[in-house]
Amino acid sequence: MSKVLVSDPIDQAGIEILSQVAQVDVKTGLSPEELIQVIPEYDALMIRSGTRVTQEVIEAGTQLKIVGRAGVGVDNVDIPAATRRGVVVVNSPEGNTTAAAEHALTMMLSLSRYVPEANLSVKAGKWDRKSFIGAEVYKKTLGVVGLGKIGSHVATVAKALGMKLLAYDPFISADRAEQLGCRLVDLDILFQEADYITLHVPKTPETTNLIGEEAIAKMKPTARIINCSRGGIVDEDVLAKALKEGRIAGAALDVFNEEPLGESKLRELGKEVILTPHLGASTAEAQVNVAIDVAEQIRDVLLGLPARSAVNIPGLNPDVMEQLKPYLQLAETLGTLVGQLAGGRVDLFNVRLQGDLATAQSQPIVIASLKGLLSKALRERVNYVNASLEAKERGIRVIETKDASASDYSGSLYLEARGSLGQHSVTGALLSDGEIRVTNLDGFPINLPPSPYMLFTLHRDMPGIIGRLGSLLGEFNVNIASMQVGRKIVRGDAVMALSLDDPLPEGIIGEIQRIPGITDAYTVAL
Ligand SMILES: NC(=O)C1=CN([C@@H]2O[C@H](COP(=O)(O)OP(=O)(O)OC[C@H]3O[C@@H](n4cnc5c(N)ncnc54)[C@H](O)[C@@H]3O)[C@@H](O)[C@H]2O)C=CC1
Ligand SMILES: O=C(O)CCC(=O)C(=O)O
């Protein structure tokens, strides 16, 4: 039975799903050393933002197949290290969107009306109304930095509050911004015009210290900043100084460079600052959503099924994956076949989607073909996550093309590989019942269902060869399941493709190659 380690607090709904397929151990609060010590036992790791999944953790996790982040941000996981090791990393891209957006809006309104400080004052026995004269957000300008899922929800609600909206997001179209009632502007204009600036971006080299000295210098003295995205996007020392000097009016932060927040000048400030301990996703609803979403994906991956929100399998949209599943199997089978025909050290790999298949998204099919191509060399180490990276690191040049006109079947896949045994090609298609057929080998038309053991020969089309090969296999006690001959012209070059019930014994290939008329022979094990 698989074993899952849950190393951060996760809703019980997630634990129940995992328990259907695995032994689940909940061990929260592990030190980095303790995590490295226990991780070799586990097939899956489920985390929130508390656990850092470093390269050391990934490398120690020799059984690890999947890391599930019950939330959005995966900046606490070393994705390149996971990808290199073929470990799938999944998250819950939408489970806490509403919670995080509502927290940002709560921060904005609380900051405007000094709610936290006023509350403390009443609880301390005071009745001070003069110190808490706030500001209305109605008709004020909100600058949304990052108009993704959370930023869009914030914009929608802020619009209903009567705010004017500016947005900065280099990856969002002006049309999309307009639909949300936002004017898409440059960052400088947003900084200059906004009364409130709310950040909803991932932490990247471009967004690190986005709010620093230069940005603050452009802001109005009445500007207020809200950060419920990631620590480090705001330079905390610069912010504390600007607030102390009254260069901006306020800030509300949920996330920090170091968490838990240690010593910080921000703690010394008054009602103009609100600090919360990374509570954006902390609603009962969001925690159920993310736990279920991620636990289901871990369960599926442990059962050998694809994950719907893998962050390190590029471009594999879940719906597209579902439609393409039979073709992924075809691609992997043909990749394995052509990889063995071409031998090791493949340096060029052509993938051509033909006929109806030419309209499909090619990337998953290329990845599946590469997985097959590398399967002999890398065995179970190669998977959908690392196939492209492994191919790149081996110097394999991958060329993908599409040809809608070139197919006998409604859709087919052509793969060609150049390796130590020369250049070889295979074409394959799916029958109406989903069965795979190899329809062409090195330019020779055939019609062969793939089987675990196969033998291919290149020979002259002349009488007696098939008989001699059959007798030789018989002598070695190898049973032939099916056989196909492909030729372009009578008595010209031809290929023979045999499905075998048994693996070929050592040394037989040399004997096959010595049969007069046979110029080459290859074995393939799928
Ligand atoms: N405080 C909390 O508890 C929570 C924090 N988050 C964080 O909130 C952030 C946003 O999450 P989502 O909206 O779900 O992500 P998302 O991926 O839907 O949106 C992010 C947006 O940022 C944009 N973006 C990327 N680089 C940018 C740049 N240099 N400048 C401007 N825009 C840029 C992207 O185009 C995208 O539209 C993430 O950092 C996530 O980790 C998410 C959930 C809870
Ligand atoms: O797990 C949490 O509470 C943090 C959520 C978060 O920051 C995220 O989903 O990116």
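**Entry: before I start**

I reminded myself that this is a predicted model.

**Entry: ligand 1**

Which residues come nearest to ligand 1? Of the 27 residues around it, I noted Lys149, Ile150, Asp169, Val201 and Asp254 as the nearest. I then sorted the shell by class and got 13 nonpolar, 9 polar and 5 charged residues.

Next I looked up the polar atoms. Asp254 turned up again: an N or O atom in its side chain is 3.0 Å from a nitrogen atom of ligand 1. Cys228 uses its backbone instead, with a polar atom there 3.1 Å from a nitrogen atom of the ligand. For Gly280 I wrote down 3.4 Å between a polar backbone atom and an oxygen atom of ligand 1. How much of ligand 1 does the protein bury? Taken alone the ligand exposes 870 Å², and the protein buries 88% of that.

**Entry: ligand 2**

Then I moved on to ligand 2. The residues around it are Arg48, Ser49, Arg69, Gly71, Val72, Gly73, Asn96, Arg230, His278 and Ala281. By class, I have 2 nonpolar, 5 polar and 3 charged residues in this shell.

I found oxygen atoms of ligand 2 in several polar pairs. A backbone N or O atom of Gly73 lies 2.7 Å from an oxygen atom of the ligand. Arg230 also gives 2.7 Å, but through an N or O atom in its side chain. For Asn96, a polar side-chain atom lies 2.9 Å from a ligand oxygen. On its own, ligand 2 has 290 Å² of accessible area, and the protein covers 92% of it.

**Entry: a run of paired strands**

I picked strand β13, residues 348-355, and asked myself a simple thing. Why is β13 called largely enclosed by the rest of the structure? It is because 7 of its 8 residues are buried, and buried here means under 20% relative accessible area.

I checked what β13 pairs with. With strand β14 (residues 397-403) it pairs in the parallel sense over 7 bridges, and Asn350 has Ile399 as its bridge partner there. With strand β15 (residues 411-419) the pairing is antiparallel, over 8 bridges.

From β15 I followed the chain onward to β16. These two strands run antiparallel and are joined by 8 bridges, and they form a hairpin with 2 residues between them. I spotted Arg418 opposite Gln423 in β16. Strand β16 (residues 422-430) is mostly covered, with 7 of its 9 residues buried.

The next stop was β17, residues 436-441, which pairs with β16 in the antiparallel sense over 5 bridges. Leu430 stands opposite Ile436 in β17. Here too I had a hairpin, with 5 residues between β16 and β17, and Gly434 in the turn has a positive phi of about 90°.

Then I went looking for exceptions. Asn209 has a positive phi of about 55° although it is not a glycine. I located Asn209 in the loop between β9 (196-199) and α10 (213-218). Is Asn209 buried or partly exposed? At 40% relative accessibility, it counts as partly exposed.

Arg491 is another non-glycine with a positive phi, about 65°. I found Arg491 in the loop between β20 (480-487) and β21 (493-500). Arg491 is exposed, with a relative accessible area of 53%.

I also noted a cis peptide bond, from Glu259 to Pro260, with omega near 0°. Pro260 sits in the loop between β11 (250-253) and β12 (273-275).

**Entry: an annotation and a distance**

I looked up residues 454-526, which an unreviewed UniProt entry annotates as "domain: ACT". Over those residues the chain is 23% helix and 42% strand, and I wrote down 8 Å between the end C-alpha atoms.

Last, I checked Gly134, in the loop between α6 (115-123) and β6 (141-145). Gly134 is partly exposed, with a relative accessible area of 36%. Gly134 and Arg52 are 82 residues apart in sequence and 40 Å apart in space, C-alpha to C-alpha.

Note on methods. Residues are numbered from 1 along each chain as its sequence is written. Chains are lettered from A and ligands numbered from 1 in the order in which they are written. This is a predicted model: local features need pLDDT of at least 70, side-chain atom pairs count only at pLDDT 80 or more; totals for chains, interfaces and linings use all residues. Side-chain values use heavy atoms; hydrogens and water are left out. Buried means under 20% relative accessible area, exposed over 50%, partly exposed in between (1.4 Å probe, protein chains only). Helices (H or I, at least four residues) and strands (E, at least two) are DSSP runs, numbered from the N terminus. Two strands pair if DSSP finds at least two bridges between them. A residue is near a molecule or strand if one of its heavy atoms lies within 4 Å of it. A polar contact is a pair of N or O atoms within 3.5 Å; within protein, one must be able to donate a hydrogen and the other to accept it, and residues adjacent in sequence count only if both atoms are side-chain atoms. Accessible areas come from the Shrake-Rupley method with a 1.4 Å probe; for residues, only the protein chains shown count as cover. Ala, Val, Leu, Ile, Met, Phe, Trp, Tyr, Cys and Pro count as nonpolar, Asp, Glu, Lys and Arg as charged, and the others, Gly among them, as polar. UniProt positions are given in the numbering used here, feature names are shortened, and annotations may be inferred rather than shown by experiment.
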